[in-house]
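Please read these notes beside the structure.

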Amino acid sequence: MANKQKTEVLQGTLALMVLKTLDVLGALHGYGIARRIEQISGDLLSVNQGTLYPVLLKLEQEGAIESEWGASENNRRARFYRLTKEGRKQLQAETQDWEQTAAIIGRFFEAKAEDLS
Amino acid sequence: MKSLRRFFLRLASFTTRRAQDERLREEIEQHIALQTAENIRAGLSPVEARRQALLKFGGVEAIKQDYRARRGLPFVENVVQDVRFALRLLRKSPGFTAIAVATLALGIGANAVVFAAMNALILRPLNVPQAQSLYGLQRESDHFPAQSYPDYIDLRDSNRSFDGLAAYNIGMAGLDTGENTFPAWLYEVSGNYFDVLGIQPYLGRFFHGADEHGPNSAPYIVLTYAYWHNRFQDDRTVVGRTVQLNKHPFTIIGVAPPEFHGTLLFLYPDSFVPMVNQEQIDGASFLNARGNRWVFMTLGHLKQGVTPAQAVADLNSIGSYLEKTYPGDDAQMTFVLARPGLYGDYLGRPAQAFLTALMMLAGLILLAACANLASLFAARAVDRSREVALRLALGSSRLRILRQLFTETILISLIGGALGLWGSVLLLQWLRAWQPFPQFPINLPVSPDANVYAVALLLALASGFLFGAVPVRQMLHTHPYSVIKSGSTGKIGRRITVRDILIALQITICAVLVTSSLVAVRGLARSLHDNVGFVPQNSLLVQTDLHIAGYRSEDVPRMQKRMIEAMQSIPGVTSVGFSSQPPLSNGRPSDSIVFTDSATDLHPANAATDAMLFSVSPEYFHADGTALLAGRDFTWQDDENAPLVAVINQEFARRVFGSATSALGRYYKMPDGTRRRVVGVVEEGKYTSLTETPMTAMFLPVLQSPSTQTALVLRSNALNSTEGTQQLAAAVRSKLRGLDAGLSALIQTRSEAMDFVLFPSRVATMSLGLLGVMGAMLSITGIFGMAAYSVSRRKRELGIRIALGAQRKEVLQAALGRAFKLLAFGSATGLLLGILASRVLASIVYQATPRDPLVLAGVVLAMAFLGLLATWIPAQRALSIDPLILMREE
């Protein structure tokens, strides 16, 4: 059960990262997304890169991203993902949420005994 | 919104899942290719580069799983997968599947048939508007719904509880359309009948209360839709045409709607005529006879707001007034209300009791079927414990395994249910078309409707869960580690379990049924060859009613003589005679009490005997093969001017005169005081049923005791073959047409005519046989399940025994000893009980006796065969155990 929760959280985070990556870099294929996330987040995707694909599917089903076939840099067929208008809205909303949450949590961690007395 | 959209996408991708799988595969491949290229650029060897890429990507299968779970409808996909898997499993063991499906088909089919009958006869009301408030009247004293006509009129006019009371009577008349005459069943109905029921005509108009102006004032006839369709080919111009009913003109004024079949559920009339015209139909007027309860049924809708109890009080107050006013005719005039469709409680109550009992029996059969299937599935669960353990070890959840198990049981129960339903629909169709008595328009409205289908489906699902639930505990307690380590052993039970008792009970019941059905079949076969006081073989029966054909008074005997002469002129006919009513055929012969010659007070209590009464022609005894023991036959000189004479049977002679010889020439008295001299004595016979105790009977010369009912008996050797019978029947028909084209006759062989009296024993034999087959099926599955279970559980033990050198016989004894013990015990008990039960059977089936070596041998053989059949497969399995394979497996 705990394991499942952890993956849920991970996948939530992962989804946000996917959206942000696509927002910044435009259309990308799965491997491209994985690379960028790896570069920025470090070890989050250094193993289990495959977990990205279920997340992509979920986002596509939700309408946040769309995909089409295109040619990759090695001239093979690859699936390219692009942010939709709805995805952009979702990204904005979730970024705000995150910033709020992060700010609150940050303040909590910075809090000292005298602040709470 | 979002989740809805996802659901539809999932639904869409459920149908395109192959293409989607392909897409993922391609993406993964591309991903790994790119990563590999990247790794090579970083300086790794191609092989190491690909390995690293794969490692980094993670478990491909797990991701595919996850992907799939997100993509389609995992629940539906799982169900589809489970169903496929279950189908594969079932195909793999066809014997098991066939037995399970057949057992369930039987159980569910039996329930569906009985429920359909119950639904048609008890649960579904008559097909008239507002049937809920429609009640029939019946007397509290005898539960008989009949009333006399004057009483009906008083009840109709004085009550304040009904929106009108209608009445009907069932009759028969020769209906002559101008071309030919056919007997037609009709309702004689009160003028307000259609108005009270709220039925609108399909064509033309109906008659109303206002059309009645005293006896024979309303010569109108309304046809039922079916009769109009069959006899008049949907001819819309029949309205206004005149037809002859028993030679009286009636005008067709309308046709009833197709869905209206009168107000009795199982007997559909051909037409409706006003009751005030009953004299023209019945030949005598009963309209003023207050003491004669001939009006079949009185019925009506309760007024709005009137309860049945209030209506009864109202009717009873009218009744007590009638009792006081007409003390000679009316007594016990208290009423109860009942549903009219099954003739009130008169048939309704026995029908309900019978069907309820049948329903319980069918329920028990299904329950026993479920119990057997449960043990079958338990055996299977043991067989499959390794598979289950393996799946558990590979990470399958127990829930998933249970779901798979239930998918399998429910699949079996649905297939069995569908098959059972199909069988029951066929049976019901046959029942619907079944005409046990060609003379009566019997119609059992038992076509299955939505209710029946729903009940069958529910029963199938419920039984699937029921017998699927038994192995659940076993499955849940499977521990992968211990199973794989030690194999499936399980404890070997030595004590008597509930399952054993259940199976022994089933075998016992089965043996009882087999015994009684064999006894019944033998009795039935014997009764066809027994002396019944006449010789049914080589004899043809031609039944006519000269009254229906329009003959009156002195025309009747004249026509009867001409008929005999015409029949005698047919080549091959050796002897011809007639009786008012042939013994042992449709309808009960009339009877009369008689007194000894010395009796002066002719009160019923002083009667010497109550004897069957037949009016017969000369030569009747010879034609029917009745042996004349003493005295003489009648001649045409025994007419109304000659001294009154009679021929009596041996039983009559013995009871009234002491012996056959002493009866000749002696006198006895009829209830009207006339004296009759005994001129002959014939052998005794069976008159109303094959199982009756010896009855007294008298035969009177037809000229001294006139009867319009004329049943000609022709004796001819041509009747040996079907061809000869058909030729003779055709000859009889043409002769009759030559005498009177409007005369309708029922022509049957004498044996066919006996179908009527053989009906109860045939039905008893048939239903016993059917139940016997069901019992046998259940016993087979029961024994099979138990034997298979015991072989499965003791596989290891048996393997070791074989390895240690046990012989086939010993292996079989170890594996199946218990099943055989139960079989022997159950069969013996059942045979004993069956012999006891045959005493009850003897009252229905003539000469049913279990003291018959053929019956005893038959039962023993049947049960042995059954045991062999049921244990064949398990025995083969036990014998084919190969210790080597077994050891390697474990």
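1. Chain A has 5 helices and 3 strands, where helices (H or I, at least four residues) and strands (E, at least two) are DSSP runs numbered from the N terminus. Along the sequence, the order of these elements is α-β-α-α-β-β-α-α. The model is a predicted one, in which local features need pLDDT of at least 70 and side-chain atom pairs count only at pLDDT 80 or more, while totals for chains, interfaces and linings use all residues. Residues are numbered from 1 along each chain as its sequence is written, and chains are lettered from A and ligands numbered from 1 in the order in which they are written.

2. Of the 117 residues in chain A, 29% are buried. A residue is buried if 20 or more other C-beta atoms, placed from the backbone, lie within 10 Å of its own. Helix 4 of chain A is hardly covered, with 2 buried residues among its 26.

3. How far apart are the end C-alpha atoms of helix 4 of chain A? They are 37 Å apart, which agrees with the 38 Å that residues 85-110 should span at 1.5 Å a residue. The expected span is 1.5 Å times one less than the number of residues.

4. In chain A, the axes of helix 2 (residues 30-41) and helix 3 (residues 52-62) come within 11 Å and cross at roughly 110°. Axes are lines fitted to C-alpha atoms, for helices over the stretch in contact, and angles run from 0 to 180 degrees between N-to-C directions. The angle makes helix 2 of chain A roughly perpendicular to helix 3 of chain A (65 to 115 degrees). Gly30(A), Ile33(A) and Ala34(A) of helix 2 make the contact with Leu52(A), Tyr53(A) and Leu56(A) of helix 3; two residues are in contact if their C-beta atoms, placed from the backbone, lie within 7 Å. By class, these residues are 5 nonpolar, 1 polar and no charged. Ala, Val, Leu, Ile, Met, Phe, Trp, Tyr, Cys and Pro count as nonpolar, Asp, Glu, Lys and Arg as charged, and the others, Gly among them, as polar.

5. Between the chains, 20 residues of chain A and 22 residues of chain B take part in the contact. Helix 2 of chain B gives the most to the side of chain B that touches chain A, with 9 residues. That side of chain B has 10 nonpolar, 4 polar and 8 charged residues.

6. In chain B, the axes of helix 6 (residues 94-123) and helix 14 (residues 398-433) come within 7 Å and cross at roughly 45°. Their contact has 15 nonpolar, 7 polar and no charged residues.

Definitions and conventions:
Buried ≥ 20, exposed ≤ 12 C-beta atoms within 10 Å, placed from the backbone. Parallel < 35°, antiparallel > 145°, perpendicular 65-115°, else oblique.
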